[in-house]
Amino acid sequence: MARAGRTRARGGRLGPRRLTLLRYLGRRALQAVPLLLGIVTLIFVILHLAPGDPTAVWFNPNLPPEVMERMRVNMGLDQPLYIQYLRWVKAFLSGDFGYSYTQFRPVRDVIADALPNTLLLGGTSLLVIFGVGIALGAFQAVRQYGRADTWLTFVMLFLYSMPGFWLGLMLVLAVSSGVVPGLRLPISGMTSVDHALLGPLGKVADVAAHLVLPTIALGLASAAGVARYMRGEMLEVIRQDYVRTARAKGLPERTVILRHAMRNAMIPVVSLLGLYLPILFGGALVIEVVFSWPGMGRVMYDGILARDYPLVLASSFLFGLLVVVGNLVSDLLYAVVDPRIRYD
Amino acid sequence: MRRGRDERVQRGAGVRRDAVAAMLLAAIPAVLAGCDAGPPREADGPAPPTAWGRRAAGPPPEAERPAVPEERRYGGTVVVAGRNDLLTMNPLAVTDRESLEHQLHLLFVPLVREGPDAEPLPGAAESWTVDPEGDRITFRLRDDLRWHDGEPVTARDVAFTWERAVDPAVPFANPAYFDAWEAVEVLDERTVRFTVRPRSHLLYGWMRTALLPEHLLDDVPPEELETHPFGTTAPVGNGPFRFVERVPGDRWTFEANPDFPDALGGRPFVDRYVYRQIPEDAVAAAELRAGEVDLWLDADPAAAARLAEDTTLAVTSFPAPEYAFIAWNTRRPALRDASVRRALTMAIDRAAIARVVRGAYGEIAAGPVGRWHPAFDTTWAALPFAPDSARARLDRAGWTDADGDGVREKDGRPLAIELLHTPREDWRNIAAIVQANLADVGVDVRSRALEQASLVPLVTGADRRFDAFLVAWSRDVMLDDRDMWACDRLGSPFQFTGWCRPELDAVLDSLQVVEDRKTLRRLVGRYEGMVEEAQPYTFLYETETVLARRRTLRGVRADARGALVTVGDWWLEPGARGRGVAASGRGD
């Protein structure tokens, strides 16, 4: 009965609800503009306030001062700070992120090469985080205080407290030393050296095989967190009256758990998805180094070390954008999974 | 301090002085006129000693490996791992050693190639002659060398490369290479003539700078050359390997050039060469063990000992043109006195530092001219580690611990030094050893880690806000160290120490113009002597680059020129050619 009523109510409000949604999205997008500008401005100021400049990377007497000066001029570092800032904002608004000092390439190209790889890794990690996290959390809640729950709690807490890079290195060592007999997985890179020679399916399988270990390293600790969260939510939900009613109706336990309990317990858990996007981006910074994954994490890591201003600014902008989008997705998911929440 | 011909000198150089003298004489005409014959293909076996004592890392005994006739060595894909990405294949934009090595030995063949003792060998130029007055040098180019797009390599390419290298709009990192080259004239398609001034290692710049294809880059404005896609996504070379593909942050792929002239080595044995960036050392070691990587360039010294225990792997090393040192700011009153600085050096256990940081792959640095340098004086040795002598020297200099707090004072001021370094783990370890060593002789050292971009302005700025700092850098065969020591360059960023001597300036000036290697070595001896006497730097260690490879990869021989110097002769044993099978097969 309750379900039918909800469907009717949705159907009746569909038009105005969509309008409200669009208005809401527009408002959030407008709010994001000054926020993002503020983020990159702050990073611009912090980068330039720190002593030294990118030429410090080439600290070598083989490089005479006049060459260093030429490099500074080419980078525009000879200009006053406000000119550099205005130039950068102007170029940025026209879609020109500038040249990477260290990679000798347009920043746009650097990001275009690296971002899809990070998104791929992030996407598969999200699947692991929520797929494994939700399944294990629900399982533990159903078996509360059982032996499986106790052991899984121990394992989840262990994984949750492990640094990603350590977990990654342990995976590499375990796989490469043959701890699991017969298990052969690539331990670094995104493709094998024969990738270009493979057929379309072979290429997909090649990338998938390379994804396994970094995905586990990036996703498992967060999956453990989601599992803890899901377990708590499930324990709350399965004590609710409607679950008891479902059981009283004689529904099979499987249906009760999967359809009635889990779906409701997932409401707050799924809304975490948006918040995990920036966490994944940050985590990728370390995991990509460990697994030689050619993504944004490494680009940003190298850029920061080398004070590659254009690269760091553009990466920071993307990072900020991801946080903003993540928050927005999170808010939208709340409303999607819980009809009591309105956009206005 | 000089020492006799002890065992280390024998190992380090193993060269008789008369043999050296003979080579000195032989090297001069080699500069004056190149020879036509290309070097023969190198065979497996112990590396021959080089005449100048630049130690080479030959392969370990491989007699037990199966002998394979030369015609059956072709095929396979060799995978090489390195810590850093190759940033550019543009010869005038390169600043990192990995990229430079790949340019000089894979993608390009320079105008003149560098021999084992930094002597010039024919490259794109089959010969060259110097006018009797010594002010003009004429190169005759090969007629069988082509760019990888099929165009011939011509005299215009040589002139174009030089013109761009000396163009102020191009931030070429080594302008000293061509500072004696004044004008160019293209005489015909294969002949180019330069007007030059006297210069030591005159041809060295051409050995270390690959040629640019004029027909592809002529219309690129000089200020845009550095960022032109030629260097990063579409390089066209003239060397033994052709560019195939780059996956940024992951790998570069090259394939054998079947048209590479036999006189320069001919088609390489391997079909494909893949360079993979693996930033994490533990992962690189695991990939090597797993057989996914054939050679690990610049392997982690700490991992080398464990890798050497693996019978499927071989670990070798070769001297790198790099040293680590502590620079003392002699503008500070406490560090002004040379005897104090000598005492500090003698109190620091540099052997322990070399051992801790480089394991078996480092030696105490003797001075500013390393053992890898062709003009290194092999009888030279570092100051000994002698804490008692250090204490006595400090006492004589008036620094005594009158109040018994463990720190020496003079005129009421304690002997306290702040040691700056970047936050690398190696530097932290070194700083801890220095701190402990100097505390033993009554010197209070506090170490402070700063990011490089923050440290550099402190040590290079006009006010030199530091007492001492710790750093390592790589050097060049062309010994132009005037920026580091000259009295008229006290304001130069690299004149950190503020120490200078007019007589050293004269030596350093002479080093720029002397062509005779015997004189060069004598001048280097004087240079080292003056720096050793004054100790503006405490030289810590010289590094050896470690190569770890699978034994199925053969023909690898490295020396101070780099790890890839014989890459055309590398070959994979037939059982190790599983990768890239579909692309393999003899290309010639």
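Good morning. I begin with a hairpin in chain B, formed by strands S4(B) and S5(B) with five residues between them. In its turn, B:Gly134 has a positive phi of about 80 degrees. Helices (H or I, at least four residues) and strands (E, at least two) are DSSP runs, numbered from the N terminus.

A word on the source. This is a predicted model, in which local features need pLDDT of at least 70 and side-chain atom pairs count only at pLDDT 80 or more, while totals for chains, interfaces and linings use all residues. Residues are numbered from 1 along each chain as its sequence is written, and chains are lettered from A and ligands numbered from 1 in the order in which they are written.

S4(B) covers residues 125-130 and pairs with S5(B) in the antiparallel sense over five bridges; two strands pair if DSSP finds at least two bridges between them. Within this pairing, B:Val130 is opposite B:Ile137.

What joins S5(B) to S7(B)? Five bridges do, and the two strands run antiparallel. S7(B) spans residues 191-196. B:Arg136 stands opposite B:Thr195, and B:Arg140 stands opposite B:Thr191.

In a regular strand the side chains alternate between the two faces of the sheet. A residue is buried if 20 or more other C-beta atoms lie within 10 Å of its own, exposed if 12 or fewer, and partly exposed in between, with C-beta atoms placed from the backbone.

These strands belong to an open sheet of four, in the order S4-S5-S7-S6 of chain B, with antiparallel pairing. S4 and S6 of chain B are its edge strands, each pairing on one side only. On average, neighbouring strands are turned by 20 degrees against each other, direction ignored. Axes here are lines fitted to C-alpha atoms, for helices over the stretch in contact, and angles run from 0 to 180 degrees between N-to-C directions.

Which helix packs on this sheet? H4(B) does, touching S5, S6 and S7 of chain B, and its direction makes about 160 degrees with that of S6(B). Contact between two residues requires that their C-beta atoms, placed from the backbone, lie within 7 Å. H4(B) has eight of its eleven residues buried, so it is largely enclosed by the rest of the structure. Among those buried residues are B:Phe160, B:Trp162 and B:Arg164. The buried residues of H4(B) also pack against helix H6 (214-217) of chain B.

Next, a pair of helices in chain B. The axes of H10(B), residues 350-358, and H12(B), residues 425-440, come within 10 Å and cross at roughly 155 degrees. H10(B) and H12(B) are therefore roughly antiparallel to each other; that term applies to angles over 145 degrees, while under 35 counts as roughly parallel, 65 to 115 as roughly perpendicular and the rest as oblique. From H10(B), B:Ala352, B:Ile353, B:Val356 and B:Val357 meet B:Asp426, B:Asn429, B:Ile430 and B:Ile433 of H12(B). By class, the residues of this contact are six nonpolar, one polar and one charged. Here Ala, Val, Leu, Ile, Met, Phe, Trp, Tyr, Cys and Pro count as nonpolar, Asp, Glu, Lys and Arg as charged, and the others, Gly among them, as polar.

For chain B as a whole, the secondary structure comes to 16 helices and 21 strands. Buried residues make up 54% of its 588 residues.

Finally, the two chains together. How many residues of chain A are in contact with chain B? There are 45, and they touch 50 residues of chain B. H2(A) gives the largest share of the chain A side, five residues. That side divides into 28 nonpolar, ten polar and seven charged residues.

One residue of chain B illustrates the contact. B:Pro248 lies in the loop between strands S8 (241-247) and S9 (251-256) of chain B. B:Pro248 is buried, with 23 other C-beta atoms within 10 Å. Leaving aside neighbours within four places in sequence, B:Pro248 is in contact with A:Val110, A:Asp113 and A:Pro294. Thank you for your attention.
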